[in-house]
Amino acid sequence: ESGVNDLITPCHEYKSFAIAAELNKNQLQSKFACEVIRFASACMNIRTNGTIHFGIMDSVVDNGWKHGQIIGIKVKEREYYVDALDYIEKCFAENVQEIARKCIHPPVFVEVISKDSQEQRFVVEVDIEPTLSLVKNRVFEVCLPKYNEDSQKVTMTKDRTLYQRLGAKSEPVKHNDVFAFYTGLQDRDAQREKAELSSAEVPTEIPQNLGRKLSILLNDGKSYIDDSLRYILVTNRCEKDNLNYINFLMHLNIFCVFDFDEDSNVSGLYSKYKEHHATRSYFLPDFSNESKTGIPPSQKHSSLFDQTSWIFCNGRSDFLGNEKPCDENTWIRTKKTYLKKAIIRICDEILPKRSFIVLFLLLSPVQKPLVDTFQEFYSEMNGTEYIVCIAESRDNYEKWANLAQTSCSIETLEQCSIVGMKLSHVDATIQAMLPSMAQPRHLPVSSRGVCTLSSLEEEKLFSLEILCVDQCDDIKLDFLTEKEIQEIEQNFYRGRKIIWKNFWLADKRCCGEIIEREACQDASKLLDDILRGSGHNCSVAKLKIFHHPGSGGSTIARQVLWKRRKHLRCAVIKTSYSPATVCEHALAFREYEEKEISHCLPVLLLIEDYDEDYLEELRYELIDAVASRKINSPRPYFILLCCRRSNDPERLCKASPLDTVAVTHKLTDSEKSLFRTKLEKLKQKDVKPEFILTFVLMCEEFNETYVRDFVEHILQDIDRSSRDTRLMCYVALLNFYVPNSYVSLSHCEAFLGLGVYTERTSRAYDFKSHLSEQARMIFIELRESTTYISSVQIIHCLVAKEILHQLSGNEPQSQLAMTLLQEKTLFGNRFGRDEFIKFIRDLFIRRDKRSRGDNTDTLFSPFIEHVCKAEGCEKAIAILKAAYELLGKDPFFAQQLARLHYNNEKFKDAEYWAGVAKFHLPNDSFILDTEGQVYR
């Protein structure tokens, strides 16, 4: 028994109730209600949770008992105890009766198991929970029921009494203390409020690694399942909803099944298993004779167990299905004898020691015969080393464990049990250990196992590119030729963005290791800090990677995801979808197949080359969504891994050092060694440097002289008048001035006159075969992850810069841009047109900004500023006028013309172009500001 603690932890009061439990209904109910209501009103007045227990010794009357000893009481009718709480309406004042009903919970009946008695007894518990929202500003005086022996009626005490908890007792408040008790009401309410808030802020328990525990227990320590172990399955009723999640049983080498479901021979688990395997079914056999009324004699074991034996252990039938004429107790004893003999025969005569595992699969509430089976196996096997219990429901497990602890301790049972793991997660985790099966896609779960990600569910989350635990495991290595593997590897080292297949092949030792730069380790350490909650007290955390173009920033970001995919839920955001859509999908992705949303794993979301406004909108959408769930957790729900190109990553890192990593072209000494070694290994495979140019440039830290000489070497003898050389110039112009720009493969084919490609016809040509040797080395094909458009880029922006310089020769860049604007085949091609037009607009309009990671803040686009500086403002004005006409009289081109004119003191022309822009968009604030600047 205990007094008031922290108001949330219940105080306890014991009542033996041994005599009262034997009384008639009226006597029992009045006595029970009297004790409960006195205790409850005392708890409610003090604002503390409490539990009163009936069936536990509360005082030492008999020397044979101890205070606090569990004795249990006989319960004739549970309804007597439940209905006794109807006295609430008679005992409490009318204005608080409904509150009392909500604070006093219904009785709970906890079964007491005794080795010395077969008599069923219970401890009856009543919980009291006076939440502040119910009891604030109120006191609870009560009158109590008393049974009058003379009149044999229940009467109520005349005056209502104010009770409080004093130590471990419920005592009346003394008359002299009543005023002080009332004046202290607000203080008690404040204490309760503080206690409830404090309780709500307790960090949720991190679930244990049940996936690893399951693997080790079920496979005898191995990481995979093979045929060397046999399994004896002991199970009970499988609900219809769970039949979809026991597929793993079809792949285990099951020797026999002890089935405690009365109907399983008709439907359910047995029927499902029988569809897949040959089985022999028996009702519980009689081993007392060697006739056909039981399992055949021992010499026939081999013929019997060439199929799985399914033994039905419930019901009063013999193995032929005949009803047993004996009474219930005789049948229970007989059944226990049969079980014992069956288990002895299997463990001692048929299966060698350590060659089998007994799997208890608790699919529904447990009855005692199933526990008897455990105790027999425990006894025969001398412990639990080869016994495993799986129970999704903790209630089912706890009943089983409480009954089973007469054989072994609760601690020992915990060691061999998987409790609380969803059956679907158990199913997916075990099936992932089967090497011969075609693997579906799996996600990690909070219990550290996995769940299956169905194709339909993945399609619903279309704004996310989901990275699974077993990403790429569906690829058959035998079908990949050495040439294909080499091409995948070389594409990466030529400059193509890394794909998951690169990591997978490296892990499988099918190609060389992927170098891990030191920035990757830095990012992993920062991620660990975020996961621990260190200094990041927010539901949506950010981890930023700013990188020089071509320095491997995107590779590092994907390395982080690849390394964490088994412990966090990981995905890449497709920024073509709205933040609201991404938020909806991210939340569904986090909670998919999880039982308790408070235990969900954090979600690591990669967002690349993003717009800052988009990122902030997404972040606030996620924060609002998390807030609506009202769950406290020391770890963030989402971690946004923000990866973006920058010409000055170190400055951005310095501005936010606790959550930012900078990746530059500069290599550390250890990185130089790694890159040199890797380059030598690639050369040993007869890979020419020009075919892994980006990697070679990385090894040289993008030294400008090296880039210039290398490009000059490649461009020797190139035909400057050819169409593909002209295409190289156009792509180089865009790639150098517009970050992340590309030209779709469809545009390139149209420009080269290769015809229109459709999905219905195979290509009658190879795009690469129509390029010069120099163009094949300079171009790299991409497949954009959000639009899936195949496209072409120069392998690196610095190479694009050098190509632009060397190929344009005496041709001014304004003239190259003017020629590009007049290429009707490019602007007329409809496939991927929106992206192409966007890059053209950015060429003329997009300004550099330090906030985006650029080196400087520019007044105009870098291209226009170059033309102004190298060729004069008149050339810049002329190219902007041409762009205005050729791109459909875009008002923002008119605005740029107005800005360009007034910055060069051509005010009349500036006024004209500001008016043109305003004509198109009369209410646009940017255009109105430009007009104001003209007049200023």
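Predicted model: local features only at pLDDT ≥ 70, side-chain atom pairs only at ≥ 80, totals over all residues.

Biologist: Which elements make a right-handed β-α-β unit?

Modeller: The unit consists of β1, helix α1 (residues 25-46) and β2. Strands β1 and β2 (residues 50-54) run parallel and are joined by five bridges.

Biologist: What stands opposite C11?

Modeller: C11 faces G50 of β2.

Biologist: And why is β1 described as largely enclosed?

Modeller: Strand β1 spans residues 11-15, and four of its five residues are buried, so the rest of the structure largely encloses it.

Biologist: Turning to α15, how many of its residues are buried?

Modeller: Nine of the nine residues in helix α15 (residues 423-431) are buried, so this helix is also largely enclosed by the rest of the structure. Among them are H425, D427 and Q431.

Biologist: What do they pack against?

Modeller: The buried residues of α15 pack against α8 (210-218) and against the strands β14 (356-362), β15 (387-391), β17 (441-444) and β18 (450-453).

Biologist: A change of topic: at what angle do α37 and α38 pack?

Modeller: Helix α37 (residues 907-920) and helix α38 (residues 925-935) pack at about 160°, and their axes are 9 Å apart. Angles over 145 degrees count as roughly antiparallel, so α37 is roughly antiparallel to α38.

Biologist: Is that crossing left-handed or right-handed?

Modeller: The α37 and α38 crossing is left-handed.

Biologist: Which residues meet there?

Modeller: On the α37 side they include F907, A910 and E911, and on the α38 side they include I927, L928 and Y935.

How values were computed:
Residues numbered from 1 in each chain as written. Heavy atoms only, no water. Buried < 20%, exposed > 50% of the residue type's maximum accessible area, 1.4 Å probe, protein only. Helix = DSSP H or I, 4+ residues; strand = E, 2+ residues; numbered from the N terminus. Pairing = 2+ DSSP bridges. Right-handed = clockwise from strand over helix to strand, strands pointing away. Axes fitted to C-alpha atoms, helices over the stretch in contact; angles between N-to-C directions. Parallel < 35°, antiparallel > 145°, perpendicular 65-115°, else oblique. Left-handed = near helix turned anticlockwise from the far one by under 90°. Contact = heavy atoms within 4.5 Å.
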